[in-house]
Amino acid sequence: MTSIKSISIVVPSEPTPSCLLLLPETDQVAQWTHAPLIYIYRTKSNYTAIPFSFEAMKNSLSRALIHFYPLAGRLHWIEGGRLELDCNAMGVQLLEAYSEAELDELGDFAPTNAVRDLVPKVDYTTPIEEWPLLLVQVTRFRCGGLCVGVAISHTMVDGRSATHFINSWAKLSRGFDLEDVDMPFLDRTVLRSSEPVKTPRFDHIEYTTKPPVLIGRTDANEERKKETSATLLKLTREQVEVLKKRANQDVVGVTTIRPYSRYEAIAGHMWRCSCKVRAVDSHNSQSTRARLGVDIRNRLKPSLPKRYFGNAISTTVTPICLYEDLLSRPLSYFAGKLREAIERMDDEYIRSALDFISSQKDVSGLRSNFHIQGYSEGPFLGNPNISLGSWIGLPFYDADFGWGKPIYVGPGLLNMDGKSFIMPSPTADGSLIIALRLQTQYMDSFKKIFYEDISVSLAKL
């Protein structure tokens, strides 16, 4: 049981600009909910408390908000389901909590209900103008360990910008000053659509087409109701390399110059395993597609400024495929379909997507995947589909507040069937961790096939 000891509103420690900020299209289509992250810190020996000062955390957060002042503001709705940011320095919420539990009781920190208690809650029934854009809960455990649970507005940041902020705050907490290389680039107008808005040059299927539903169904309502489970899958460096090697063998259906990446190989393997286990209850002519997010910072011409602070992720989807076509092909075919979706995202396509979003009278229908368990608005991205997020390159483990690096960083919640993130591991040795939520009826079979297929590939080497 976690008990809240104190709740503080933390504002920037110096005056910051007071202004209204129009948010670009990439922010407008992001979820208006808060992305949940947990940072776990363990003591070197049990029952030796981490040298933690709540006041020091509060002071360093206040200093960080001078430079990241948009996070201290508030959002409000404007016409067309769009949002505007009021930089009014109303502050962020910092909670101090205590848990009678020990870290070991949380197992591997998979995003279960117990882990969700470590992330601050937002009351989404209240007006949006009242929501802090950042909430942080620092929970001390009976064993002396700590969790920094973060809920940060996805309208404001993507994963790269969120880690930029957390790591900057941690640097201040260690007693260092922020340098020029740490400063965020706050001018979001560089990512606005063209003026005047141009007609989109492409058919933006990531927004205009709905995900496939199960054969015989007209919607996904029944699938939404099914029980789901969350798990963490761990891959050693050797297993990662085996998948990558296998994806680059027997290449079919695509001519490629560049070898498939770790992400394409692992994500392809996950999509393949999900099709295999779901196909038991489905027809071979069942259609499926994968959804992924692509970092567009270096895909635009010119590239976005370094340390751009906001959402610089665009959604892309694979072509719709049939189980019978996918499952009769090798891993390289899945990787090729993912590559097809990723390589579509060049400067011309991204700018066309921005114009498409800007041309919409109301953007509400373009948002999906909200961070609320059981939320039924927006398209269902689960069975027979999958969402394959990549956090592989995010520097999570640089978040040293003065107690050493975290032993684990991951999502505090996976809200929907088929949602996943491929993440770095704390060992920084090439191993990876996958957070996945799947319908409970398929989870055990998925795990079995996931590792068995890798073992078969290892045996052939």
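Predicted model: local features only at pLDDT ≥ 70, side-chain atom pairs only at ≥ 80, totals over all residues.
Two helix pairs that share helix α8 are considered first. Two packed helices are described by the angle between their axes and the distance between the axes. Helix α7, spanning residues 237-247, and helix α8, spanning residues 262-279, have axes that come within 8 Å and cross at roughly 85°. Because angles of 65 to 115 degrees count as roughly perpendicular, α7 is classed as roughly perpendicular to α8. On the α7 side, the contact is formed by Val-240, Leu-243, Lys-244, Arg-246 and Ala-247. The α8 side contributes Arg-262, Ala-265, Ile-266, His-269 and Arg-272. By class, five residues of this contact are nonpolar, one is polar and four are charged.

Helix α8 also packs against helix α10 (residues 331-343), at an angle of about 115° and with the axes 8 Å apart. The crossing of these two helices is right-handed. From α8, the contact involves Tyr-263, Glu-264, Ala-265, Ala-267, Gly-268, His-269, Trp-271, Arg-272 and Cys-275. Their counterparts in α10 are Leu-331, Phe-334, Ala-335, Lys-337, Leu-338, Arg-339 and Ile-342. The contact of α8 with α10 comprises 10 nonpolar, two polar and four charged residues. Ala-265, His-269 and Arg-272 of α8 take part in the contact with α7 and also in that with α10.

Strand β11 (residues 290-295) pairs with two strands, β14 and β12. With β14 (residues 386-390), the pairing is parallel and rests on two bridges; Arg-291 has Ser-387 of β14 as its bridge partner. With β12 (residues 313-317), the pairing is antiparallel and extends over five bridges. In this case Leu-292 is bridged to Thr-316 of β12.

A separate description applies to an open sheet of three strands, in which the order is β2-β5-β4 and the pairing is antiparallel. Strands β2 (19-22) and β4 (74-78) form the edges, each pairing on one side only. From one strand to the next, the twist averages 35°. Within this sheet, β4 and β5 (residues 82-87) run antiparallel and are joined by five bridges. His-76 has Glu-84 as its bridge partner in β5.

Key: Residues numbered from 1 in each chain as written. Heavy atoms only, no water. Axes fitted to C-alpha atoms, helices over the stretch in contact; angles between N-to-C directions. Helix = DSSP H or I, 4+ residues; strand = E, 2+ residues; numbered from the N terminus. Parallel < 35°, antiparallel > 145°, perpendicular 65-115°, else oblique. Contact = heavy atoms within 4.5 Å. Nonpolar A, V, L, I, M, F, W, Y, C, P; charged D, E, K, R; others polar. Pairing = 2+ DSSP bridges. Left-handed = near helix turned anticlockwise from the far one by under 90°.
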